[in-house]
Amino acid sequence: MHANLKNPMKPALLLSVAIVVLAVILSLCGRGLNLGLDFTGGLSMHFDVGQSVTRDEVAKALGGADYAVTVQGANKSEVLVRTRGDAALDVGELQTTTLNRLLSAYPATVSLGDVSYVGPVAGMTLVKNAISSVLIATVLMLLYIAWRFDFHSGLASVLALLHDVVVMLAFMVLLRDFIELNSSFIAAALTIVGYSINDTIVIFDRIRENALKHPDLEKNEVVTLAVRESLGRTIMTTVTTLATITALYIVGVGAIKEFALPIIVGVIAGTWSSNLISGYIWAWLEKKFPKKIKEPKPDEDDEDDEEELQRLAKKFADEDEE
């Protein structure tokens with residue numbers, strides 16, 4: 001069997017590392033995460049301008065201020081305007097200024113909808129809660145999988161989950177022009193953690209069965225066999241999930257798109273890690289840190305039986321000599 005077919009973990013990891021490195025380089029060049037108001041703090045205003053508009057037209061009407069503009073709705077007449085601010089931000093004044101600028105460009109057709117303000121303190125709290133949620137979920141999953149299978153399986157699963165989250169963050173950098181990083185991403189990340197761990201547990205369950213059925217196979221071969229046996233289920237689950245989420249992204253509004261796009265990336269990354277990374281990490285850990293098998297200690301009954309056999313053998317030998 002060819003080495004890459006036998007253990008595809010290295011090329012799979014290389015691709016993931018390349019994506020992450022590209023995201024880091026872009027971040028160092030000033031093209032990092034596009035943080036939304038949930039993290040930076042600021043004001044979000046929803047307007048209906050009464051006619052079809054483009055993002056550039058609305059941005060020009062606002063006078064080139066630091067506004068993030070999103071055009072949405074079936075008629076492309078709904079405009080979501082966001083601007084970053086701090087604790088000293090005069091929400092009422094900024095809201096009035098924005099409305100007047102739009103009225104000057106679209107007289108008598110602009111109506112103001114929902115307005116929400118997120119302070120920077122709330123953004124920092126969201127970041128801390130998000131990190132805590134992922135860490136708590138990771139630790140609990142490690143304990144559960146270590147109890148159900150073994151510690152090596154639990155550690156491999158957790159590393160694969162961290163891989164999924166890091167790849168999702170990397171794609172948020174690569175797709176920064178299409179999506180902001182906000183609270184929807186946190187919900188998507190936790191969703192993918194649950195989705196990916198389910199697929200991983202199925203693979204490890206098959207690995208355990210094959211390890212018992214084929215004790216003569218190497219660990220990598222056991223993993224490869226488990227992945228191939230689960231391939232049909234994996235394809236059907238992934239394709240049906242992606243079809244649903246992609247449809248939501250295509251027809252959904254802005255808030256749905258912000259949730260669906262990270263989910264699409266996460267489903268692909270989770271399938272990638274569950275089938276091509278986690279099991280082979282387990283095989284590497286099993287080879288690098290083999291479990292010590294304790295030799296059974298002979299009990300007193302075994303010693304007595306052995307002495308009795310030796311006595312009978314000596315007795316028969318003496319009788320043969322006579």
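## Exercises: how helix 8 packs

Helix 8 (residues 183-213) packs against helix 9 (residues 219-229) at an angle of about 125°, and their axes lie 8 Å apart. This is a predicted model, in which local features need pLDDT of at least 70 and side-chain atom pairs count only at pLDDT 80 or more, while totals for chains, interfaces and linings use all residues. Residues are numbered from 1 along each chain as its sequence is written, and side-chain values use heavy atoms, leaving out hydrogens and water.

**Exercise 1.** Describe how helix 8 and helix 9 are oriented to each other.

*Solution.* Start with the angle of about 125°. Angles under 35 degrees count as roughly parallel, over 145 as roughly antiparallel, 65 to 115 as roughly perpendicular and the rest as oblique. Helix 8 and helix 9 are therefore oblique.

**Exercise 2.** Find the residues through which helix 8 and helix 9 meet.

*Solution.* Look for contacts, meaning heavy atoms within 4.5 Å. From helix 8 come Ile203, Arg206, Ile207, Asn210 and Ala211; from helix 9 come Val222, Val223, Leu225, Ala226, Val227 and Glu229.

Next, zoom in on Ile207. Leaving aside residues up to four places away in sequence, Ile207 touches Val222, Val223, Ala226, Gly279 and Trp282.

**Exercise 3.** Which residues have the most contacts inside the largest nonpolar core?

*Solution.* Such a core joins buried (under 20% relative accessible area, 1.4 Å probe, protein chains only) Ala, Val, Leu, Ile, Met, Phe, Trp, Tyr and Cys residues through side-chain atoms within 4.5 Å. The largest has 24 residues, and Ile197, Phe204, Ile207, Val223, Ile281 and Trp282 have the most contacts inside it. Helix 8 gives the most to this core, with 6 residues.

Key
Axes fitted to C-alpha atoms, helices over the stretch in contact; angles between N-to-C directions. Helix = DSSP H or I, 4+ residues; strand = E, 2+ residues; numbered from the N terminus. Buried < 20%, exposed > 50% of the residue type's maximum accessible area, 1.4 Å probe, protein only.
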